[in-house]
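Student: I'd like to learn how to read a structure like this one. Could you walk me through it, feature by feature?

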Amino acid sequence: MINEIISMNGYGSYVLSAFSFTLLSFSALYLITKSQFIKEQDKFVAKFGSLNSEKAKSAKSQRINKEILADATNN
Amino acid sequence: MFKFFEPNKIFQITSKAPKYVLLLFIIVLSIGLTEALFLSPEDYKQSDAVRIMYVHVPAAWISLGIFSSITFLSIFGFVFKNKNFFLIAKSLAPSGFVFNIIALVTGAIWGKPTWGTWWAWDARITSMLILLLFYAMYLISWRIYETEEKVFKITTFITILGIINVPIIKYSVDWWNTLHQPASINILSKSTIHSSMLYPLLIMTAAFALFSLLIFLMKYNTELIKIKNKGLDRL
């Protein structure tokens, strides 16, 4: 039964390699994009940490900066 | 006019959306894979080799759709001098590029058992390869040009040139004698594909569209954080 499903009338190697290639490409793109995102987020947190209190206060007044920091701490 | 497209407003949505899109993508993909690999019938001529269609066709559709979107966004960005349109276009490009590669590779895998060859310089395949080159040029331009004005001009020019190829891809099967069959799915006229194959194909297309949305959101958020990083440097 399992052999029949995998063999797919002799086309199994073609079908499964096409699906595997697609899923591998998805995984690779997802991981690369995620790692780029985390890298930028970490850079932002590090830069924010190095600001003096006055500059940090000014930066925090922007909502988007607050959201990036909140998102980074949640991750 | 484009206040809705302000990054500060968009980030509130785009920062939270990826986890929900990922969950939805996994659900739709699981249903799609079950349908495509196990439940959909085999073709009377191609037998089980037809199942490759469920990854090949959605990948080709989405890569074409993304390139068209990138072109319109670049033109809008250029005409209305709105940087955010360029950012959206830039964030869409990586998934379009990968879908184009998937379409070419799975097409080659499908070609071997059905046509007896991995590759042929057929009008449809060649025009898809040209689209991949336009995607590559677009992505490389963002890497090599540093000034915004220059990169906006060059990427818009590349997309305008590349969009000429999109109708060629679509109608290549009608204009030339190619190994590809004419379109089985038509929006304006009756489709010639049976519903038992059409529904799995549409489910897989939905899954692929969700994946490109997920990558777009993650990439767009990365671009916004990059801009904010530069902003912190200037403080």
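Predicted model: local features only at pLDDT ≥ 70, side-chain atom pairs only at ≥ 80, totals over all residues.

Student: What span should helix α5 of chain B have, and what do its end C-alpha atoms show?

Tutor: Count 1.5 Å a residue: the 22 residues of helix α5 (residues 123-144) of chain B should then span 32 Å, and the end C-alpha atoms are 31 Å apart, so the two agree.

Student: Which residues in α5(B) are buried?

Tutor: Among them are I125(B), M128(B), L131(B), L132(B), F134(B) and W142(B).

Student: Which elements of chain B give two or more residues to the side that touches chain A?

Tutor: Those are α1 (7-14), α2 (17-39), α3 (53-80), α4 (83-115) and α8 (195-234) of chain B. The largest share, 16 residues, comes from α8(B). By type, that side of chain B divides into 32 nonpolar, ten polar and nine charged residues.

Student: How many residues are in contact, and how many salt bridges are there between chain B and chain A?

Tutor: 51 residues of chain B are in contact with 37 residues of chain A. The salt bridge count is zero, while seven residue pairs are in polar contact across the interface.

Student: What about backbone angles?

Tutor: Most residues other than glycine have a negative phi. M8(A) is not a glycine, yet its phi is positive, about 45 degrees. You'll find M8(A) in the loop between α1 (2-7) and α2 (12-49) of chain A.

Student: Is M8(A) buried or exposed?

Tutor: Buried means under 20% relative accessible area, so M8(A), at 5% relative accessibility, counts as buried.

Student: Where does S47(B) lie, and what is its phi?

Tutor: S47(B) lies in the loop between α2 and α3 of chain B, and its phi is near 55 degrees, again a positive value in a residue other than glycine. S47(B) counts as buried too, because its relative accessibility is 13%.

How values were computed:
Residues numbered from 1 in each chain as written. Chains lettered and ligands numbered in written order. Heavy atoms only, no water. Contact = heavy atoms within 4.5 Å. Salt bridge = Lys/Arg side-chain N within 4 Å of Asp/Glu carboxyl O. Polar contact = N/O pair within 3.5 Å; in protein donor to acceptor, adjacent residues only side chain to side chain. Helix = DSSP H or I, 4+ residues; strand = E, 2+ residues; numbered from the N terminus. Nonpolar A, V, L, I, M, F, W, Y, C, P; charged D, E, K, R; others polar. Expected span 1.5 Å × (residues − 1). Buried < 20%, exposed > 50% of the residue type's maximum accessible area, 1.4 Å probe, protein only.
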